[in-house]
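Thanks, everyone, for making the time.

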Amino acid sequence: MVKEQICWEDVEVGYELPTLEKIAHSLMLVKWAGASGDFNPHHYEEAFGQSQGTGGTIVHGLLKHAWLIQLVTNWMGDEGFMKKFSCQYRGIDYPRKMKTMNEPQDGDTWQCKGKITNKYVDGDDHCVDLEIGVVNGKGEVTTPGSATVILPSGEWQLDN
Amino acid sequence: MVPDDLKQHIGKIDPPHVREVERGAIRRYADAVGNDNPLYFDEEYASESRYGTIIAPPGFFGWSMQSVPSSEGIIGLMTAMINAGYYRILDGGMSYEFFLPVRAGDIVIASPKVKDVNAKEGKSGTMMVCDFETTYLNQNGDLVAKAYQTLIGR
């Protein structure tokens, strides 16, 4: 199988990663609670969310962090390596409620975006720094972050 | 001012938390995120990759919440925060340094440490900003990753 692999030479500062779209809804939050082990009722019990001062249930910060990791790792490909990652939960995101057993109501869609801010060689590693973030339905960056990725350089294609 | 009941947890390290990185746990994690990268669930695909087997997505170490029942470290500090009236707790952010991939079947040993607690004035009064640092080693004793997390109590 020939896999597509982005190389360090293919990208420049200012390059934008393909946007990853996500819809957070109650069902996704419950699945995430089970998969991550974060059973804080703040993410599935409306009244508890209100007692916490956020007006209701909110999207897990760590779920948004996992979206951003997906954005970067699926872009960098199997030969890329994520060296550093960071994100801050600046804005609260509210999940869509469910319309049916597995379909959410109409509402916000989130966009995970990334852009190359720096490109350099560090020892043997061909690196890029990325500015990343989760953007809510209003266009606000609720979860800004950054990442450093090692990409294969052009010689990788010749060797393989 | 950080109350003494909170301050006494600074520098405390929870007992090492040992987990096997299970295939099913990786698959469920990727599914919950909505991540369809075959590296996380397709053994045939993954066996032909540079990793030779299924790997965990960065940030997943078998179990992402490393809460070990302990009166010392993270849980102890969270309990002390709630008792001191800072019961509204929010996650502030996460950062990592990654050194090695985590493969299905690896054993990951996590040691979470309370790095610091600082008081900060916010819009709704004083907040307690708690910084944690977790070191992850694998079964060979090699450093896999370091994670830094901030929890904020109001």
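Let me begin with a term: I will say that two residues are in contact if their C-beta atoms, placed from the backbone, lie within 7 Å. On that basis, 28 residues of chain A are in contact with 25 residues of chain B.

Please keep in mind that this is a predicted model, in which local features need pLDDT of at least 70 and side-chain atom pairs count only at pLDDT 80 or more, while totals for chains, interfaces and linings use all residues. Residues are numbered from 1 along each chain as its sequence is written, and chains are lettered from A and ligands numbered from 1 in the order in which they are written.

Helices (H or I, at least four residues) and strands (E, at least two) are DSSP runs, numbered from the N terminus. On the side of chain A that touches chain B, H1, helix H3 (61–76) and strand S2 (81–88) each supply at least two residues, and H3(A) gives the most, with nine residues. By class, that side of chain A divides into ten nonpolar, eleven polar and seven charged residues, where Ala, Val, Leu, Ile, Met, Phe, Trp, Tyr, Cys and Pro count as nonpolar, Asp, Glu, Lys and Arg as charged, and the others, Gly among them, as polar.

Turning to the helices, H1 of chain A (residues 26–36) packs against H2 of chain B (residues 23–33) at an angle of about 155°, with their axes 9 Å apart. Axes here are lines fitted to C-alpha atoms, for helices over the stretch in contact, and angles run from 0 to 180 degrees between N-to-C directions. That angle makes H1(A) roughly antiparallel to H2(B), a label given to angles over 145 degrees. From H1(A), the contact is made by Lys31(A), Trp32(A), Ala35(A) and Ser36(A), and from H2(B) by Arg28(B), Tyr29(B) and Ala32(B); by class, these are four nonpolar, one polar and two charged residues.

Strands also link the chains. Two strands pair if DSSP finds at least two bridges between them, and five bridges join S2(A) to the antiparallel strand S2 of chain B (residues 89–98). There, Phe85(A) stands opposite Tyr96(B).

Within chain A, S1 (residues 20–22) and S3 (residues 110–122) pair in the antiparallel sense over three bridges, with Leu20(A) opposite Cys112(A). S3(A) also pairs antiparallel with S4 (residues 125–135) of chain A, over eleven bridges, and Val121(A) has His126(A) as its bridge partner. In that hairpin, with two residues between the strands, Gly123(A) takes a positive phi near 65°.

How values were computed. Angles under 35 degrees count as roughly parallel, over 145 as roughly antiparallel, 65 to 115 as roughly perpendicular and the rest as oblique.
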